[in-house]
Amino acid sequence: DRPESARVAAIFQGPPSVGGAAAQPLGRRRRCLGRNLPDRVPAPTLLVRVLRAEKTVPAVQECVKAKLGPKFIEPPTFDLAGSFEDSGSRTPLIFILSPGVDPMAQLLKFADDKGFGGQKCQSISLGQGQGPIAPAMFKEAQKAGSWVVLQNCHLTVSWLPAIVNDMASVHKDFRLWLTSYLSDRFPASILQHGVKMTNEPPKDIKANLLKSFVSDPVADEKFFGGCSKPLEWEKLLFGICMFHAVVQ
């Protein structure tokens, strides 16, 4: 796209001259506005925002990438273990859900790895009729030092502050996990006090492949290195991950 970028750069260079010569650059600008331009438009970001609003996000991303580096525009991989280390018995861990992403499988696998599988990690999906059950489960887990997962908290947010405020005396191993979609009714005090996590769907094939290789079961050393034919196994595994990335 180098010729296209050079053409766009020439169009956006400097103010038009005074007089009849101003009509030709103006016409060229109008023709430019009606074309499909590349994302890497060599023009000031504010000018792109005014003339082509749909190109604003790519322009800002290119600016951040050029000035700060690519790591500031690439979302980090989902690190459940790191978030857990930042939490405590009185600090809730909050999953901010994205469409098409369910963190429960990863959470249950993580609970098993930490020795909190089975009855030590109880979950309940909130909704109609589940209100009285959740507080009882919460109080029992506080005393026993187990984990509680309250799913879909955006459906019943009225009694969440009362539950979280009742964490003065809890077992050191107790953990409260919350999952919720974005909601303006979710208590701000819980968001400020908790450890927030989100697991967005990968945006391209590279990010999807990376997610597959750093997630279970591929990230498990026993699973990855347990085949007697490593060369064939790695090729087969890469092919499956690539197929999954393309389909998704």
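A residue is called buried under 20% relative accessible area, exposed over 50%, and partly exposed in between, as computed with a 1.4 Å probe on protein chains only. The structure is a predicted model, in which local features need pLDDT of at least 70 and side-chain atom pairs count only at pLDDT 80 or more, while totals for chains, interfaces and linings use all residues. Residues are numbered from 1 along each chain as its sequence is written, and side-chain values use heavy atoms, with hydrogens and water left out.

Side chains of opposite charge can pair when their charged atoms come close. Three salt bridges occur in this structure, each defined as a side-chain nitrogen of Lys or Arg within 4 Å of a carboxyl oxygen of Asp or Glu.

Asp 113 is exposed at 52% relative accessibility, whereas Lys 109 is partly exposed at 30%.

Lys 114 and Glu 85 form another salt bridge, at 3.8 Å from N to O. Because Lys 114 sits in the loop between α6 (104–113) and β2 (121–125) and Glu 85 in helix α5 (residues 80–85), this pair ties together parts that are 29 residues apart in sequence. Lys 114 is partly exposed, at 38%, and Glu 85 is exposed, at 55%.

Lys 172 also forms a salt bridge with Asp 173, their closest N and O atoms being 3.4 Å apart. Lys 172 is exposed at 61% relative accessibility, and Asp 173 is partly exposed at 29%.

Key: Helices (H or I, at least four residues) and strands (E, at least two) are DSSP runs, numbered from the N terminus.
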